[in-house]
Amino acid sequence: MKTSSITACPLDCYDACAIVYDDNSLKAMKSGHTHGFLCPHLNHYTEHTRIESPRYKGQKISMQEALEKLKEILSSTLKSEILHYRSSGNFGLMQEVTDHFFAKVGAVLTDGNLCDGAGEAGIINGRGSNKNMPLGEIAKSDVVIFWGRNPHVTSSHLLPLLKDKKIIVIDPVETKIAQQADIFLQIKPHTDIYLALLLSRFVHINDSLDEEFIEKYASEFDEYYELTQGVRIKAALENMGVTLGQIGDILELCIDSKVAIVCGVGVQKYRDGADIMRSIDAFAVSLGLFSKEGSGVAYLGNSKEGITSAFDTKAKRVSKVNTKFDEFETVFIQGANPLSQMPDTNRVRNALEKTSNVIYFGLYENETSEMADLVIPAKTFLEKDDVRSSYSHNALLVMNKQIESDIGISEYDLAAYLCKEFEIALKSEAEYIQHYKNFGITHIDGNIEVEGRETQPYQNGFDTDDGEFIFLDEFEAQQSSSEDEFYLVTPKSPASLNSQFKRSETVYIHPSLGYKDGDVLSISSESGSVTLKVQNSSRLREDTILIYSGTKGVNNLTSSKHSYEGKNAIFQENRVRITA
């Protein structure tokens, strides 16, 4: 096998797999966490139709004409009226090269997050940094708690690590892993903070605190315990749909065990998402999980921990969550589909329609490419060199170019053209690639990891000023919904990733509502409505409606408000109604 045949998956998911390109097909590495199999997205990656030709105002043009048109548009626009809106759907570190150009030319970039920013803010508030629990530590656990995480869909390469472990699932949806679990709590959406507070409280009541760890690294736990006493036990249990016996069962499995709490982003898709993740961390602290091998909390770690950017991206920035596109004359959209992915689609559409020049640079047709004035096709990860890191393990993966193609243009080549035309300095692609490779350290088995990352993070204290965990000192009580309102959950789809690949056209509801499969329903919220076909599912709670993220129109229902912390989208904040 030639070294050049090894590359890595570019997709924005937990697993970040090394792969082999062989005879025009993608194959899994037999070593490492890939375990010899790939997820459905990669197994069918080459089957998805891509954009092959540039176009302007609906007319096909050559790549050279597209680049010249791009230069013309940018040259005729005041730099302060240019917005660069980039997604992280391709996780290669070289994607940021376009930020370098736009920052240097004086354009506006984005900050904030559509996915996980609230949870990360909560983790940083408590721990001082967002270091993730690597997969290798989860493999050593006795008990794994999947808290709002569906590994069969979002992280299938975790599954081989679960053999002979006790499984606890906390989720409003009875997922496949829930059906296999030792304990399943089908919790009401947006009540996770109450469960986390009560778990910490009962660890204390049962005299099961890890006293040594708390004395060293969490000395303010007594004050936090007083906060947990503000939760009325009976009312909270009824609200969550949880019994006191289930709380006891969880603690029986967790106390004096190696426990990995594996969290999904769904738990924090709310305005108080930071507090929710921080309260889950506090439960882990009460048991001293951050000091035990095979224990801790796995969320989305900082994928760039220990890595310094090769590019200068200092620029004025606006929110990625509620971007006011109509304040700009020209919007350059890279690898993103804001007309589907951003919340409050009606607002986004109205704003983009008022923008003079909408430029789309990406791989696939979608709602945004269909309305763009200029469309520039990108190259796939097989057609360019890159390097990627991960937010769930410490590997640094080199993405070697596998094939030559006349279709599309890479991010580096596009930035190089623009930098040359606008007289902006840019190093060679090889220099930037080497810059990122230099952050890797090669182990005796040949695997490359980001140098300096901890295998078992926080075992010697947290990254706060005094090394101690900082507990919540207050939390916001949740508002109850009326009888005709439903909780909206928007998990990842098994067949799509964000708005790529095979997208759902279905709303999932509980059979008790009395609708038939195939019925067409209008679902509405204070932000808008969407019409979808019904699929009944007894896996849902009766008070919950499920629409997969990426479903066309789902974000008509969602709010463009930010989370209180983290500048994150709050996709599950709005309650919804069935209106037809």
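Reader: What is the relative accessible area of Phe-146?
Author: This is a predicted model, in which local features need pLDDT of at least 70, side-chain atom pairs count only at pLDDT 80 or more, and totals for chains, interfaces and linings use all residues. Residues are numbered from 1 along each chain as its sequence is written, and side-chain values use heavy atoms, with hydrogens and water left out. Phe-146 lies in strand β8, residues 143-147 (strands are DSSP runs of E, at least two residues, and helices runs of H or I, at least four, numbered from the N terminus). Phe-146 counts as buried (under 20% relative accessible area, against over 50% for exposed and partly exposed in between; 1.4 Å probe, protein chains only) because its relative accessible area is 0%.

Reader: Which residues does Phe-146 contact, leaving aside neighbours within four places in sequence?
Author: Contact means heavy atoms within 4.5 Å. On that basis the partners of Phe-146 are Pro-151, Leu-158, Leu-162, Ile-167, Ile-168, Val-169, Ile-170, Ile-177 and Val-262.

Reader: How far is Lys-320 from the nearest side chain of opposite charge?
Author: Lys-320 sits in the loop between β13 (317-319) and β14 (330-334), and touches residues including Tyr-85, Arg-86, Asp-111 and Met-342. Lys-320 is buried but has no salt bridge (a side-chain nitrogen of Lys or Arg within 4 Å of a carboxyl oxygen of Asp or Glu). With Lys and Arg counted as positive, Asp and Glu as negative, and His and the chain ends not counted, the nearest side chain of opposite charge to Lys-320 is Asp-99, at 7.8 Å.

Reader: Which residue of β2 is the bridge partner of Thr-7?
Author: An open sheet runs in the order β1-β2-β3 with antiparallel pairing (two strands pair if DSSP finds at least two bridges between them). Its edge strands, each pairing on one side only, are β1 (6-8) and β3 (25-28). Between β1 and β2 (residues 18-22) there are three bridges. In β2, Thr-7 is partnered by Ile-19.

Reader: What is the radius of gyration of the protein chain?
Author: The C-alpha trace spans about 70 × 60 × 45 Å along its principal axes, and buried residues make up 60% of the 580 residues. The radius is taken over C-alpha atoms, and the globule rule is 2.2 Å times the number of residues to the power 0.38. A compact globule of 580 residues would come near 25 Å, and the protein chain agrees with that, having 24 Å.
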